[in-house]
Every structure is written in C-alpha cells, then in structure tokens.
Amino acid sequence: MGEMAKLRSAGARETAFRTGLIAALDIGSSKMACLIGRVEDGTLRILGAALRESEGIRSATVISAPDAEETIRDVVEVTESRADARIHDVIISVGCGSPKSITARAAISLNGALVSDRHLADLLKQARANCLSEEHEIIQSAPISYVVDEARGVRDPRGMFGQRIGVVLHAVGVKPSPLQNLRLAVERCRLTISGTLVSSHASGISTLTTDEKQLGATVIDMGGGTTSIAVFMEGELVHADVVPLGGSHVTADLARMLAAPVLAAERLKTLYGAALGDIDTSTDIVAVPQMGEDDDETAYRVPRSMLTRIIQPRLEETFLEVQTRLRASGFDVTAGRRAVLTGGASQIAGSRELAQRVLNKQVRLARPRTFPGLPAAAAGSDYATVLGLLIAGASMAPEMLNHDFVAAQENSGRGRFFQRLVGGIFG
C-alpha cells in the first residue's frame, strides 16, 4: 500500500480546500508550536516543525508584547529553516479573552421554493447577526444543522423544497482586547493571520476519532495556564469553554510548598509527580533543591507521596471546575461519557484515572494523528493543537476560520462561498 493510501486509510479523508503551503501557530501559556505543511492531491504532508518555551504569555494572554513577539519569530524561523520554505500567513489558536460558546438560531420563509445559495446567504447572515455583541468578538462560526419544515437535523438543505428553513449556528466569541493584543503580536512578526480557531477545537480535530466526534465526546486540553474544553456531537463542535487552571498552577503549588525553585518544581512534577496516591511508590525518596542554595547537600529530601498530596488537590479542583462548566452548559450528560485528555498536564501519572473518578466518564489519553513527514518528536500531545490547526487549514472552508472574510463573502452574494461552507462542514 502506498504512502498516500496509508494516510487515507488512517482516517485523513478531509476534503482539501487549500493547496500549497499551510502554516499553523499554537500560542500557548507554556510553549509555542509551529508546523508548516503542504497539501497536494488532497494529502497533507508535514515539512517542518518546531517547539519553543513561551515568553510573554500567561494564561494564553499576552503580558509582554516584545517577549511574545521574539518567541513567535524564533519558533517560526526555526520551522521555516527545517521546512526550507518561507511563510506569510498562519492559522493561530486562541485561548485568551475567556472564550465563550454562542448558539444562535434563525429562520426564513421559502414559500415552497427550492433551497438556493441565496436562501442560505440570508439565513446564515441573520444567524450570525444574532451572535454579535459588544462584549465578544467572534473568532469562528459554523452551522450545526438545518430544519426544513418538519425535517430536523438536515445536514445539507440544498436541493430541498419547503415552506420554511431554519438553522442552528454555533460560534465562539472572546473579549476583544486580549484578542487584539494577540493579533498584534503575530502581525508585528510580518505574518498575516489567515484564520483563528479556539485551541480546544483544534486539539479535538487532531485527537478525536470519527466515532467520538459523531457519538459525542469532550476534549479536555490541560495547558500550562488554562484548561480548555471542547464538546463534539454529530461531528461538530457544539460547546467550548476555558477553565483558568493549568499545569503551571501545579508547578507553583510544588514550588511554594517545598520552597523549591520553579524550574526544579517543574522537573519534580514531570519526573516524580502523580495525581493519585495509589500510583506513586510512597517509599521512594526524592531530593528537592532549595531556593537560593546551589549545594546538592542542602537539598530537602521528601517521599514521593508528599508530591502527590500537593498535586492531587489542584488537579481535582481543575476537573471539578470542568465538571461544573459542563453541567452548566447542559452537555455533561448530553455529550455522552467519553472524554479525551490532552496537553502537558495530562501527562502527569494518574491524571486519566483521577479524571475518570471526578468526571464519571470514560477517559483516554489523546493520541494525535500521524501524517507523512511528521517527526516522531512532534507526535505527542505538545503538538496536538497546532496539528489540529494545520488539518483545519487544509480541510475546512477558509470562511469557517476567518469571520471577517465571512461578512465580505455574504455581502457579495457569491454562491460558491455557501457551496464550500456547507460542503466543508457536512461533506
């Protein structure tokens, strides 16, 4: 079986709306990741990948523009060098500005006519107008399903007769100021933002199976400063949220409780940390460097069980807050019992088991999909979000990723736009 056939058989069957180079940039609290790929004959090949520790970013929000810009330039330049290509536009992840799910409905009369692109233009324009508010800026939007007379759950209404047509549209909005700061940091690096996607949605694209997206699953992306939530049902994103707790909070707890430098606390969390007491070996002793001390003899020696007693309450708090958000949204039960953990903090031993206990769901650790050219080092959860962005750029209609472009296309009345939009979602 050829390489292309293997890729398609593995599930990479999205329709490619773009050809040529595609670049994606994940701007996270603890790391930035960049991927450059090329789409040819409907197949995505990875050309270059790079990962850098984030500077100037806290809880997915820009707190130092110069530091953030320097890190963006660095990770992009390294990726360009490895890909032997120059990029001018990127699709970016958004986790700042307290992302909020917005669901809107709209309906228009058909009077027995055949559903046309013009009908869809008017319908979607009305639905998007219902999403707008002064408090949030829309970063992405897409129709979830249509209703034609009594027929509900219609995937593609084109070519149907009816008296009335309605749509349910899901959008994600964020507070404008943090989003503007993020955009400015990227644009100052001489890059054009071709699309935006909430980070948890991107992670779901790269880690969920087709069955999970269709039957219902919740993605929990445990980043450095935040934990992002994305709920998928019937193949579409139906809810997104962000909890302001992440792996950096676990690290800070260890540093404070053990009087250790932050870098040493991060190392202890990664090498010896556990989320449950029955995961670690309580007889193991670990050396904890002390702040201001360079001599190893001054290191404080503690049992591994002490690390667990510090880590477990913070992760429990995080999962409880995730559960609270899901219950408030109504999707805790509706979206089924499947959950997928991704992100750096999900790699702490016992995180999956603790999530199962708290959330009462069947939980698995994410395994991002593989593509030709993707380095083995880029196949882990650190690249899940940026890989999802790249897949979205190759397979989604550009209008789904760029809300400003949506308005221009709606006003132009170009039928091809709606054909691509509906086909990109439901095709």
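Analyst: Let's start with burial: a residue is buried under 20% relative accessible area, exposed over 50%, and partly exposed in between, using a 1.4 Å probe and protein chains only. This is a predicted model, where local features need pLDDT of at least 70 and side-chain atom pairs count only at pLDDT 80 or more, while totals for chains, interfaces and linings use all residues. Residues are numbered from 1 along each chain as its sequence is written, and side-chain values use heavy atoms, leaving out hydrogens and water.

User: What makes K269 count as buried or exposed?

Analyst: K269 has a relative accessible area of 8%, and the limit for buried is under 20%, so K269 is buried. K269 sits in helix α8, residues 262-272.

User: Which residues does K269 touch?

Analyst: Contact means heavy atoms within 4.5 Å. Leaving aside residues up to four places away in sequence, K269 touches G247, V250, T251, L254 and I348. A polar atom of the K269 side chain lies 3.2 Å from the backbone oxygen of G247.

User: Why are α7 and α9 called oblique?

Analyst: Helix α7 (residues 247-258) and helix α9 (residues 304-329) pack at about 140°, with axes 9 Å apart. Angles under 35 degrees are roughly parallel, over 145 roughly antiparallel, 65 to 115 roughly perpendicular, and the rest oblique. That's why α7 and α9 are oblique to each other.

User: Which residues of α7 and α9 make the contact?

Analyst: From α7 come H249, V250, D253, L254, M257 and L258, and from α9 come M306, L307, I310, I311, R314 and L315. By class, the contact has nine nonpolar, one polar and two charged residues.

User: What is the phi of S59, and how exposed is S59?

Analyst: S59 has a positive phi of about 50° although it isn't a glycine. Most residues other than glycine have a negative phi. S59 lies in the loop between β4 (57-58) and β5 (61-62), and its 28% relative accessibility makes S59 partly exposed.

User: How do you know whether N360 is buried or exposed?

Analyst: N360 has a relative accessible area of 53%, and exposed means over 50%, so N360 is exposed. N360 also has a positive phi, about 55°, without being a glycine, and is found in the loop between α11 (351-359) and β18 (362-365).

User: What share of the protein chain is buried?

Analyst: Buried residues make up 55% of the 427 residues in the protein chain.

Technical notes: Axes fitted to C-alpha atoms, helices over the stretch in contact; angles between N-to-C directions. Helix = DSSP H or I, 4+ residues; strand = E, 2+ residues; numbered from the N terminus. Nonpolar A, V, L, I, M, F, W, Y, C, P; charged D, E, K, R; others polar. Polar contact = N/O pair within 3.5 Å; in protein donor to acceptor, adjacent residues only side chain to side chain.
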